[in-house]
There are 4 protein chains.
Amino acid sequence: MAVRALVWGENVHEQENEAVAGIYPQGMHQQIGSLLTQDPDISVATATLQEPEHGCSEARLAETDVLLWWGHAAHAEVEDEIVERVAKRVWEGMGLIVLHSGHFSKIFKRLMGAPCALHWREAGERERVWVVNPGHPIARGLPRCFELENEEMYGEPFSVPEPLETVFVSWFQGGEVFRSGLTYRRGAGNILYFRPGHETYPTYHDATVGQVLRNAVKWAHNPERHAELLKAPNTPVDQAPEKIVERGPKLHAHGAEGLR
Amino acid sequence: MAVRALVWGENVHEQENEAVAGIYPQGMHQQIGSLLTQDPDISVATATLQEPEHGCSEARLAETDVLLWWGHAAHAEVEDEIVERVAKRVWEGMGLIVLHSGHFSKIFKRLMGAPCALHWREAGERERVWVVNPGHPIARGLPRCFELENEEMYGEPFSVPEPLETVFVSWFQGGEVFRSGLTYRRGAGNILYFRPGHETYPTYHDATVGQVLRNAVKWAHNPERHAELLKAPNTPVDQAPEKIVERGPKLHAHGAEGLR
Amino acid sequence: MAVRALVWGENVHEQENEAVAGIYPQGMHQQIGSLLTQDPDISVATATLQEPEHGCSEARLAETDVLLWWGHAAHAEVEDEIVERVAKRVWEGMGLIVLHSGHFSKIFKRLMGAPCALHWREAGERERVWVVNPGHPIARGLPRCFELENEEMYGEPFSVPEPLETVFVSWFQGGEVFRSGLTYRRGAGNILYFRPGHETYPTYHDATVGQVLRNAVKWAHNPERHAELLKAPNTPVDQAPEKIVERGPKLHAHGAEGLR
Amino acid sequence: MAVRALVWGENVHEQENEAVAGIYPQGMHQQIGSLLTQDPDISVATATLQEPEHGCSEARLAETDVLLWWGHAAHAEVEDEIVERVAKRVWEGMGLIVLHSGHFSKIFKRLMGAPCALHWREAGERERVWVVNPGHPIARGLPRCFELENEEMYGEPFSVPEPLETVFVSWFQGGEVFRSGLTYRRGAGNILYFRPGHETYPTYHDATVGQVLRNAVKWAHNPERHAELLKAPNTPVDQAPEKIVERGPKLHAHGAEGLR
């Protein structure tokens, strides 16, 4: 069965900015989706900020294996309730790929527990993305590096947690570097932050970027769901794996819930 | 100059539960503090839930190098504003040591971005804490393992992010295991989660637990503060480290703030 | 196409020790192989110490996606040349699963760069293996824990590098704990150390152990080979991605090899 | 008491190459040492390839807290016995800082278990070293980045294990990037790989490089030695932490050594 990707697009600058609309006439989410559908083992749906529940209803997320998130101008308009819903799904095992300016999205900051800040410059300069971890599944089939002739610069320090693995590091024409591909797991959910994708440039028309995203969707896919990771069950004395006898003073009455 | 530790105690069960009051007549925070003051290079202050701003005013935190956090019954009563203040200070470089039932504290969940759930049993069983990383500064001077004759059981899976390093793993008499010492960094702040410390047992009267906490305070201490890690400054074209010429369409007017 | 596993067995105690021969009449490698063939997507071959080149010829390794390694009594008899050959293949992308007493095999110590020592006791005691990372592909479909009624004890500290991820932690009846499933990557090759499997007990007849090994083979499989990771090529000035002019004194004549 | 640093210099190009001799008339090891002695809490000794036992006698290493290693032309001339001796000391807790072309030293490859290869170009181009982890002790007091006007280029992929933490990433004028500061622990020993330092350029006359090295020496210092991490002791049944009864068949006679 195909991996079910859901591409979430903020869909604001496409509507308001001519340059962006020119590059992404159907919206960025549609173009990102079209990169994914080049792999017959990935099925694609899209969602936008403007839809009810931002297109992230419980039912929709229940049918999603990997969520891709692109947002920039309207992070604050994403309802907190939806953010918590997405976080919960990630913890249960849904994959999440956060793109570019999504570093400041509520959902990414929520899952990182860190500022997620960086330095930036919008000058259409050259970015060269280097593969520093060629054995990682996300780097499969990639060249040693690839260039994006016009991109926004993001510069270090990127105040995120130390990742499980660093997959990409970017060189910028103006003199900065950036860790452009970073992996995490939160609960049972795999997370990739992937840097490129400023909306005024045709990054999501780039074939290598497409390959990265398809690789990432497959890497992030966890076929299982682990709702139990959100619970804190009591194991009563008589169900302990080894036989023990209760001792000492107690706070909790038998059968009581733990404190949260 | 001494490392300035602030021991935060919820101070609820000490007031309400006779068993807890018997073990910790001055409150758990005072007893934890007394373990720290055995090291002349650590100075200790305390704070409790009941104080204004929970004892965590801006001024107090500005004078704190490492915050220790013990809470259980009243996580929900900690004001969100204070939680954000503490998170911000950690990101800037204040150390944080989260104790036992603090795994469900707002501040720990905030910084982990994960459920932080586990299995538990309150039966006064034996816990044996094993040092799995003897070269880590937190393990300095410790024996290969140490026993707590009566403790609450915490069992895996502990749904936290993969740590920077695992320092301790606990064995429980009832048959479970738990990763009892886990290190993280968020922003410039060092974080340790340390498992032992159920309030109905005399864990914070244990000499080896004291040694762990003193080691941890010193390890977590970062003499610098990095407020810049919370900001996302623009680097204009004319201040780029390498000379570049601006190209392509732009979203941002010159000198404009970035979007959040 | 199926993942091609090669199960390497030392095949010494099976020939010399009645108890081992009774449990593994065809050799441990055959029994481990039979666990793997339960998955139609895995094809299995075996190799032993006694074969020419220990069954690890260049041709055989070229046809191997994932190598499983069980050895104990005769680590020293494995030729250094074969160890280097296997290490090289791992760096290029072959997966490696090191089992139980293989912690002291030449190949594991070679790839870890660490002592790989531990404490031990052969008393047929109970081991309970806990899944601490349920979202990891190696833990797919597993229960929260599983028991091996008779196993050798391995105790911490296990002097290996901090892993990419800890997947399993074991509880032992005699009071010790051990990190039983640890993942690494060296070059492009994925490595799992998996603890259970003392030869005097029927561990490789256990269905859950079989599930772990099948999961591990699939996780460790890298379809690519990265021979370039062993080379240190010069990038001449005229092939630099950005145009630069050579400056300053030089050690190396144009076109010379680097120093090793 | 001061941290006792031992600076090991290969001391070959200083003797044979005029450009190198001009920059480092007393040898690179002396100049590196002079950077360290700017900190009164560090005491410095030096050692070279040409000394008996390469200046790394058991006695010398026993008095060393942190070893710094610079080599390039003569890696192969370092005796294997000395390499094993140094590795053993690192495992026991001696710190190790590997500099520049030391990525191909026997000791670094021994401890990494990986190819440690990279791409390179000797063109005197500009390197800009960015701090990606400002909260790390090795980055203390550093600016956001620092420039070395003439350096050798090292390019990714750098085939080393994923580090505990990435501290620095370098930008090169010719278009490449490199992870220039990577931390590891092997046994109880802290290890830093730090990239800059090609012998034909005055890198070790740079004040910021000096600050990095002083920070690194203090970070790498472990006051304890853990010789026990190299041993694999048996814990007999009657000394098990919990009372157990021996069961099942056995390989090992009582009191026998384990197999290696």
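Start by selecting chains A and C: 24 residues of chain A are in contact with 24 residues of chain C, contact meaning heavy atoms within 4.5 Å. This is a predicted model, where local features need pLDDT of at least 70, side-chain atom pairs count only at pLDDT 80 or more, and totals for chains, interfaces and linings use all residues. For finding your way, residues are numbered from 1 along each chain as its sequence is written, chains are lettered from A and ligands numbered from 1 in the order in which they are written, and side-chain values use heavy atoms, with hydrogens and water left out.

**Chain A against chain C**

About 1,900 Å² is buried between chain A and chain C, with 46% of that from carbon and sulfur atoms.

The rule here asks for a side-chain nitrogen of Lys or Arg within 4 Å of a carboxyl oxygen of Asp or Glu, and it finds 6 salt bridges across the interface of chain A and chain C. Now colour the strands of chain A: strand S5 (119-131) and strand S7 (165-172) each supply at least two residues of the side that touches chain C. Helices (H or I, at least four residues) and strands (E, at least two) are DSSP runs, numbered from the N terminus.

**Chain C against chain D**

The contact takes 71 residues from chain C and 70 residues from chain D. The area buried between chain C and chain D is about 5,600 Å², and carbon and sulfur atoms give 59% of it. Pick out C:Trp120, C:Arg247 and C:Leu251, which supply 14% of the area that chain C buries against chain D, more than any other three residues.

For a charged pair, zoom in on D:Glu122 and C:Lys250, whose side chains form a salt bridge (3.8 Å, N to O); the count between chain C and chain D is 4 salt bridges. Then colour S5(C), which gives the most to the side of chain C that touches chain D, with 8 residues.

How do the two copies superpose? Chain C can be laid on chain D with an RMSD of 0.0 Å by a turn of 180° and a shift of 0.0 Å along the axis, superposing by least squares on the C-alpha atoms of residues with pLDDT of at least 70 in both. The two copies are thus related as by a two-fold rotation axis. To find the axis, go to C:Gly113: in chain C, its C-alpha is the nearest to the axis, 2.5 Å from it.

**A stop in chain D**

Select D:Asp39, in the loop between helix H3 (28-36) and strand S2 (42-48) of chain D. Buried or exposed? At 13% relative accessibility, D:Asp39 counts as buried (buried is under 20% relative accessible area, exposed over 50%, partly exposed in between; 1.4 Å probe, protein chains only). Leaving aside its neighbours within four places in sequence, D:Asp39 is in contact with D:Arg214 and D:Lys218.

**Last stop: cysteines**

Back in chain A, A:Cys56 counts as buried at 0% relative accessibility, whereas A:Cys145, at 22%, counts as partly exposed.

Methods
Buried area is the accessible area (1.4 Å probe) that two parts lose on being put together, summed over both.
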